[in-house]
Amino acid sequence: MPVWWLGTLESLCLTLEGCTVLRFSFLSLVSVSCYIWSLSKVQGNFDKVEFNRMCWTLCAKKNLTKSPLLISDEDAFKVWVIFNFLSEDKYPLIIVPEEIEYLLKKLTEAMGAGWQQEQFDHYKIALNTSREGLSAWELIDLIGSGQFSKGMDRQTVSMAINEVFNELILDVLKQGYMLKKGHKRKNWMERWFVLKPNIISYYVSEDLKDKKGDIILDGNCCVEALPDKDGKKCLFLIKCLDKSFEISASDKKKKQEWIQAIQTTVNLLRAGSPPPHKEARQKRKELRQKLLAEHEELERQMKELQTANENKQKELETVRKQLEAAAARAAEEEKKRLQTQVELQDRFSLELEREKMVRQKMEEQVAQKSSELEQYLQRVRELEEMYKQLQGALEDEKQARQDEETVRKLQARLLEEESAKRAELEKWHLQQQQTIQMTEAEKQELENQRMIKEQALQVAMQQLKQLELERKEALEQYEEVKKKLETAANNTKSWKDKVAQHEGLIRLIEPGSKNPHLITNWGPAAFTEAELEQRQKSWKGKKATSE
């Protein structure tokens, strides 16, 4: 007999227990239930839900709590039916914590909320300390109290209970609106589809009042996706032996979900497997039975170990007495051994004192050597630091000399340009004097040429002033470089003195000697005496040629 009949019978017995007019024995109720159960086997149109509703009407008024609940009477009835499905196969009927957790997880998932595992663990610990599980009415109180659905309104909880009821009791695997193509008129109509383990029913709306037809599923059926056509998208085809059905989903996600759900149902029919939730319940039940058997086996082994432990205790008591007798004999020998040990200990103490004094002297020597080594290492670190700083000073001096050489080359170039301009000016001056000495008749023509040359001369003078400004800037840069060079030379000299004080461990790299600079009207010259003499000869030769 199915377990849900036991739940119904239990409820009826509790209801009719105090009734004076209708008093049935438990055997009579069992006989009636066996008859109805056999009728459900013969007649396929027997409605178990209506029978459950009749039993609920008889027992709910007396057993249902009077405290206000967050769920309606209809939702409480659905929870009662789900309890009969998930309860254990023994009397009185209870639902174990594992099945409670499964049901609460399904409800939480249907409400779109997150599962509070820690909260349920605390509730499970409190439940296990008092009893093995909950009755149907206690389960209704738990769900109706909102302990695991805080923040959810009554409508959301009701929709979640209805969804779980459809899945577990009515075997509804999937449901929703889709478009179906007619076989005669070939028009598309919106229908509410309900997928069960061996049939797909479609209705006018989701209230399930006006049923339009069924699609019988078996192992020969198949489902396949179709390309978009005739303005319809997300199409798929259900092929059966007698006919095929073209259906259009609302979007690609719904289409894929329906194809996958139908294909899974067909595969279960081919394999002869029950619906997924029933198979999962059977597996959970088998697992609990297995764990119970293992627990009983463990208790049996513990009893065997306890018996063996008692026998071992007796054996140990016998051995203890034998050991006490042996200990009395060994005490005399121990006394003699202790006397010998005291003598040896005195002798070893003297040797230990001598060894301790020798060790103390060695430790003092090691400490002295360690101090000397630390001083030596400190001195080496100081020399390394001085060497690094000296290298930095030498790098600064090297950079200063490179800057000085760059400025000197720039100054030499400016002097060359200045000398060329001066030679050109002298040449124009000579030409101007020769022009003045010409005849009066050519004076007017020469005057024009002179004006042109004077303009050119003014342009040249401006260029000469510009060169003088650039030379002054180069001279200022040279002075800065010279100061940097002197600073670097001073740093090098100071570090050279410091290194000389440390036993000459580092040999300094000294720069070469510098030739004395010539001094011109504009400051230090950027060329040697030989270069100056060569340029003076060049200027004199040009002047003689022009004259």
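The structure holds 22 salt bridges, a salt bridge being a side-chain nitrogen of Lys or Arg within 4 Å of a carboxyl oxygen of Asp or Glu. The model is predicted, and local features need pLDDT of at least 70, side-chain atom pairs count only at pLDDT 80 or more, and totals for chains, interfaces and linings use all residues. Residues are numbered from 1 along each chain as its sequence is written, and side-chain values use heavy atoms, with hydrogens and water left out.

Helix α10 (residues 276-436) contains Glu-297 and Arg-300, three residues apart, about one turn of the helix; their side chains form a salt bridge (2.2 Å, N to O). Helices are DSSP runs (H or I, at least four residues), numbered from the N terminus. Glu-297 is partly exposed at 31% relative accessibility, where buried means under 20% relative accessible area, exposed over 50%, and partly exposed in between (1.4 Å probe, protein chains only). Also in helix α10, Arg-401 and Glu-397 lie four residues apart and are joined by a salt bridge (3.9 Å, N to O). Here Arg-401 is partly exposed, at 27%, whereas Glu-397 is buried, at 5%.

With regard to cysteines, a disulfide is a covalent bond between the sulfur atoms of two cysteines. With a disulfide taken as a pair of cysteine sulfur atoms within 2.5 Å, the count is zero. Cys-55 is in no disulfide, the nearest cysteine sulfur, that of Cys-59, being 6.9 Å away. The sulfur of Cys-240 is 3.4 Å from the closest cysteine sulfur, in Cys-221, and is therefore too far for a bond.

Note on methods:
Helices (H or I, at least four residues) and strands (E, at least two) are DSSP runs, numbered from the N terminus.
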